[in-house]
Amino acid sequence: MAYFPFYVELKDVSVLIVGGGKVALHKVKRILDYGPKIKVVAKKVDERIKNIKGVEWEEREFEDSDVEGVRFVIAAAGDEELDEHITSLCNDKGILINVVDVKDKCDFIFPSVVSRGKLEIGISSSGASPRITTLLAGEIDNILPDNIEEILDYLEKLRPYAKQKISNDVLRARFLSYMAELTYSRRNIPDDEELEKILNKFLNPIETI
Ligand SMILES: C[C@@]1(CC(=O)O)c2cc3[nH]c(cc4nc(cc5[nH]c(cc(n2)[C@H]1CCC(=O)O)[C@@](C)(CC(=O)O)[C@@H]5CCC(=O)O)C(CC(=O)O)=C4CCC(=O)O)c(CCC(=O)O)c3CC(=O)O
Ligand SMILES: NC(=O)C1=CN([C@@H]2O[C@H](COP(=O)(O)OP(=O)(O)OC[C@H]3O[C@@H](n4cnc5c(N)ncnc54)[C@H](O)[C@@H]3O)[C@@H](O)[C@H]2O)C=CC1
């Protein structure tokens with residue numbers, strides 16, 4: 001069965017990574033910008049991980065107490081016995097775990113991501129082929145409007161504006177949908193004069209015919 005794509009708040013959330021090699025480094029980089037508190041525990045921690053500001057690390061064997069107070073665990077040591085042990089520990093405590101080399105032990109998996117400001121497109125094959133998800137991410141990136149960030153920032157600001165100007169819920173939803181379709185299809189945002197005209201059309205549909 002496929003995995004469901006929840007979008008998760010990582011800001012200030014404790015994440016433990018067991019293993020400090022190439023894959024651990026990659027996973028650190030993937031989540032770092034989302035603001036989690038990352039702790040890496042491994043017998044040997046890659047220098048590149050040690051040099052990342054804000055990442056806590058300890059060079060030693062994993063201890064069961066490492067998972068205390070942690071929300072997510074990423075097991076990236078590539079040690080089958082250790083994977084098994086951490087997985088059962090996390091399952092008992094209800095902590096979500098990602099075992100990088102055993103898909104069947106993953107409560108959550110990393111998607112390929114196309115990221116443009118507030119837009120986050122996650123693509124997953126549920127482990128069938130991570131390479132395919134990377135290729136698809138490249139294709140999706142190519143078809144996005146260059147100014148999609150600007151468009152989304154504009155539409156976000158329009159929400160409180162619409163709330164203030166249009167009290168009717170159905171009409172407001174129609175207006176916001178119309179503005180999203182307009183800006184996306186034209187690849188640009190209207191100036192204040194045009195916005196006012198459109199708003200008036202929604203508020204006084206009969207008068208403007
Ligand atoms: C289940 C999952 C668990 C998890 O890690 O969350 C998992 C598992 C495994 N990956 C393996 C190998 C590779 N992984 C990649 C790349 C990525 N792997 C990612 C995610 C995931 N990998 C999760 C499922 C994602 C999904 O399908 O939805 C991406 C999307 C996200 C990220 O990690 O950032 C990232 C692309 C990032 C981008 O788009 O930029 C490449 C390609 C490459 O490196 O170019 C290869 C080599 C080619 C190949 O094997 O296909 C192996 C075999 C290990 C071995 O054989 O030793 C396993 C183990 C297994 O299959 O059980
Ligand atoms: N999910 C994914 O995207 C991918 C997963 N993998 C898998 O990820 C695993 C890790 O790969 P790499 O980072 O390249 O390996 P690596 O050899 O560079 O790093 C392994 C790390 O785990 C630590 N470690 C090993 N046993 C330990 C133990 N018992 N206690 C504490 N620390 C321990 C080592 O000190 C080292 O820091 C491999 O099994 C590999 O097959 C590989 C490619 C992609």
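Biologist: Which backbone oxygen lies 2.9 Å from a polar atom of the side chain of N98?
Modeller: The backbone oxygen of F108. Keep in mind that this is a predicted model.

Biologist: What makes that pair of N98 and F108 a polar contact?
Modeller: The limit for a pair of N or O atoms is 3.5 Å. The N98 side-chain atom and the F108 oxygen are 2.9 Å apart, so the pair is within the limit.

Biologist: Why is N98 called buried?
Modeller: Buried means under 20% relative accessible area. N98 has 3%, so N98 is buried. N98 lies in strand β5, residues 96–99. Among the residues it touches beyond four places in sequence are V73, I74, A75 and C106.

Biologist: Why does T133 count as buried?
Modeller: Set its value against the same cut-off, under 20%. T133 is at 5% relative accessibility, so it counts as buried. T133 is found in helix α4, residues 130–143.

Biologist: What is T133 in contact with, leaving aside its neighbours within four places in sequence?
Modeller: S112, I123, S124 and S125. There is also a polar contact with P130. The backbone oxygen of P130 lies 2.6 Å from a polar atom of the T133 side chain, and the limit is 3.5 Å.

Biologist: What makes the phi of S126 worth a remark?
Modeller: Most residues other than glycine have a negative phi. S126 is not glycine, and its phi is positive, near 50°. S126 is found in the loop between β7 (119–123) and α4.

Biologist: Why is S126 called buried, and why is R187 called partly exposed?
Modeller: S126 has a relative accessible area of 14%, which is under 20%, so S126 is buried. R187 has 35%. Exposed needs over 50%, so 35% falls in between and R187 is partly exposed.

Biologist: How do you know that the buried residues of helix α1 are on the same side?
Modeller: Take helix α1, residues 22–32, with its buried residues A24, L25, K27, V28 and I31. They cover an arc of only 165° around the axis, so they are on the same side of α1. On the other side, K22 and K29 are exposed.

Biologist: What covers the buried residues of α1?
Modeller: The cover includes β1 (14–18), β2 (37–42), α2 (47–50) and β4 (72–75).

Biologist: Which element gives the most to the shell around ligand 2?
Modeller: Helix α1, with 3 residues. Of the 17 residues around ligand 2, G20, V23, K44, V100 and D101 come nearest. By class, the shell has 6 nonpolar, 4 polar and 7 charged residues.

Biologist: How much of ligand 2 does the protein bury?
Modeller: Taken alone, ligand 2 exposes 870 Å². The protein buries 65% of that.

Note on methods
Residues numbered from 1 in each chain as written. Chains lettered and ligands numbered in written order. Predicted model: local features only at pLDDT ≥ 70, side-chain atom pairs only at ≥ 80, totals over all residues. Heavy atoms only, no water. Buried < 20%, exposed > 50% of the residue type's maximum accessible area, 1.4 Å probe, protein only. Helix = DSSP H or I, 4+ residues; strand = E, 2+ residues; numbered from the N terminus. Arc of directions from axis to C-beta. Contact = heavy atoms within 4.5 Å. Near = heavy atom within 4 Å. Areas by Shrake-Rupley, 256 points an atom, 1.4 Å probe, with all protein chains shown as cover. Nonpolar A, V, L, I, M, F, W, Y, C, P; charged D, E, K, R; others polar. Polar contact = N/O pair within 3.5 Å; in protein donor to acceptor, adjacent residues only side chain to side chain.
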